[in-house]
Amino acid sequence: VGGISHRRQKSTTPHTSSSWFGNSLNYFSLTMGTPISSSINTENRETPRGHHYVDLVIVNISKNVNDDDKDATKLTGYLDQDVFRRLRSVSVMSDEDDESSFLLPSLESLLNDQQENDPAIAGKLRKGIVRFVQSKDRYAALASLLMKRQALFQAVCHMNLNDPEQNNDNHTPNTTLCPPSFPLVDLPRTIHKKPYIPKFVVGQQNEEWFPFSISHQHPFVGMACPGSRTDSWPTTAAAETPLSLGFDIVVFDDYNPRLYNNVTEFVNVFRSSFAPLEQAILNRLMEKATTEEANLHLLRELYLMWSVKEAYTKALGVGLGFDFSSFATRLDDFDPDRDSLWQVLSSSLPEGPERRSAVIRRPATISFMDGRPGELWKFGFLFLWANDDTGPPQGCACVCWGPGSNNQDIGVTVNFCQLQELVNG
């Protein structure tokens with residue numbers, strides 16, 4: 001989940017303060033789900049049905065947190081009087097907790113309010129929210145739960161039913177979120193604690209898992225999953241398995257001056273987590289970090305590089321113990337002796353209101369330090385603003401999908417919404 005310090009906490013325990021401080025680049029701008037496709041080097045065009053999309057859902061929970069009280073009693077009241085009263089809670093796990101016996105309710109029962117509420121599951125899901133001490137963590141947990149519900153809804157509506165055209169038209173209109181009739185769900189987790197949607201059968205056999213990825217760092221919570229405009233999710237070229245999908249959010253927090261004397265000292269704590277090529281970029285920027293602007297550049301570069309690694313390892317579904325220094329990511333047409341991610345990406349932002357929903361897509365090569373063949377992936381970057389977008393961005397969402405050469409024709413759509421909209425649909 002979001003936060004650069006979380007991964008390093010066991011060994012170095014760095015903390016941040018709470019203050020904010022080549023190829024054609026393709027932009028996909030959305031206003032509440034309505035796509036406007038454009039590109040620097042191509043004309044505007046309609047996207048045909050069947051074109052593959054990744055949907056990003058982004059929620060800013062700062063207002064919810066600020067409006068709550070110290071003990072988060074407003075949240076507990078909201079959970080009991082609104083969320084869990086309005087939404088049923090179900091599980092896709094059998095009593096035996098055996099992967100082979102995972103069953104999903106029928107499509108009709110999920111969509112049409114036929115699945116009975118399970119009070120034990122509701123209690124378990126509620127406990128997973130209120131167990132956190134800080135209000136911001138509780139609201140992030142609630143948003144994550146609602147996004148898992150949205151992911152399952154997307155998965156059910158992407159199944160290979162007898163009439164995919166009718167299924168897509170009836171159940172996944174482009175501008176709707178998960179309908180209020182759809183239940184909250186207790187999803188299983190992998191051995192690395194990643195929630196996933198198991199294989200299931202409704203109408204016809206569907207052997208493919210439905211990839212999704214959730215991340216949060218206050219005040220943002222987000223999810224990436226195959227989009228509602230996509231009739232199917234592409235597979236890798238080497239095997240008929242779905243492309244992997246990873247997502248991460250970072251916030252450009254300042255370093256904590258009580259723990260570090262300067263930005264360079266803070267960045268040095270994490271430098272060993274990067275491959276030699278990436279360390280060289282950080283070294284070059286640290287040598288130039290003599291002004292406030294250069295310090296901000298260095299700090300944002302660290303967070304952007306970290307988000308790339310987080311998104312990739314989350315796509316693989318591996319745990320926090322994965323060695324970040326075992327691989328390097330290099331965007332196409334990126335010169336490590338001259339360029340930086342912050343420089344390349346920030347200079348690519350369009351002017352005006354489009355910049356808030358502009359996703360900068362770039363192909364990249366993942367190279368491995370043990371000599372394994374490299375992999376081709378695609379990355380998308382969405383800069384984030386907590387309030388208005390007149391100043392520099394306060395964070396970034398990074399999404400990636402791959403591996404393989406058939407991952408290039410996937411668009412990215414963005415849906416900014418409020419927490420209540422995830423409940424209402």
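Rings of Phe, Tyr and Trp (for Trp, its six-membered ring) form a pair if their centres lie within 6.5 Å; planes under 30 degrees apart count as stacked, over 60 as edge-to-face, and the rest as tilted. Ring pairs of this kind link Tyr-260, Phe-266, Phe-270, Phe-274, Trp-306, Tyr-312, Phe-322, Phe-324, Phe-327 and Trp-377 into a cluster. This is a predicted model, in which local features need pLDDT of at least 70 and side-chain atom pairs count only at pLDDT 80 or more, while totals for chains, interfaces and linings use all residues. Residues are numbered from 1 along each chain as its sequence is written, and side-chain values use heavy atoms, with hydrogens and water left out.

**Aromatic rings**

- A pair of aromatic rings is described by the distance of the centres and the angle of the planes.
- Across the whole structure, a search finds 14 aromatic pairs.
- One of them joins Trp-306 and Phe-324, which are edge-to-face, at 5.0 Å centre to centre and with 65 degrees between the planes.
- Trp-306 lies in helix 10 (residues 292-316) and Phe-324 in the loop between helix 10 and strand 13 (327-331), so this pair ties together parts that are 18 residues apart in sequence. Helices (H or I, at least four residues) and strands (E, at least two) are DSSP runs, numbered from the N terminus.
- Phe-324 and Phe-327 have ring centres 6.3 Å apart and planes at 75 degrees, so they too are an edge-to-face pair.
- Trp-306 and Phe-324 are both buried. Buried means under 20% relative accessible area, exposed means over 50%, and partly exposed is in between (1.4 Å probe, protein chains only).
- The relative accessible area is 2% for Phe-324 and 0% for Phe-327, which is also buried.

**Charges over rings**

- Lys-309 lies over the face of Phe-327, at 4.0 Å from the ring centre. For a charge to sit over a ring, NZ of Lys or CZ of Arg must be within 6 Å of the ring centre and within 35 degrees of the ring normal.
- Arg-372 is placed over the face of Phe-368, at 4.0 Å from the ring centre.

**Salt bridges**

- Side chains of opposite charge can pair when their charged atoms come close.
- The whole structure holds 7 salt bridges, each a side-chain nitrogen of Lys or Arg within 4 Å of a carboxyl oxygen of Asp or Glu.
- Lys-63 and Asp-67 form one of them, with the closest N and O atoms 2.7 Å apart. These two residues are 4 residues apart in helix 2 (residues 62-67), so about one helical turn separates them.
- Lys-63 is exposed at 55% relative accessibility, whereas Asp-67 is partly exposed at 38%.
- Asp-186 bridges to Lys-124, with the closest N and O atoms 2.9 Å apart. Asp-186 is in strand 6 (residues 184-186) and Lys-124 in helix 5 (residues 119-130), so the pair ties together parts that are 62 residues apart in sequence.
- Asp-186 is buried at 8% relative accessibility, and Lys-124 is partly exposed at 47%.

**Helix 6**

- Helix 6 (residues 135-157) has 23 residues and should span 33 Å at 1.5 Å a residue, which agrees with the 33 Å between its end C-alpha atoms. The expected span is 1.5 Å times one less than the number of residues.
- Helix 6 is mostly covered, as 21 of its 23 residues are buried.

**Thr-190**

- Thr-190 lies in the loop between strand 6 and strand 7 (200-202) and is partly exposed at 25% relative accessibility.
- Leaving out residues up to four places away in sequence, Thr-190 touches Tyr-196 and Gly-317, where contact means heavy atoms within 4.5 Å.
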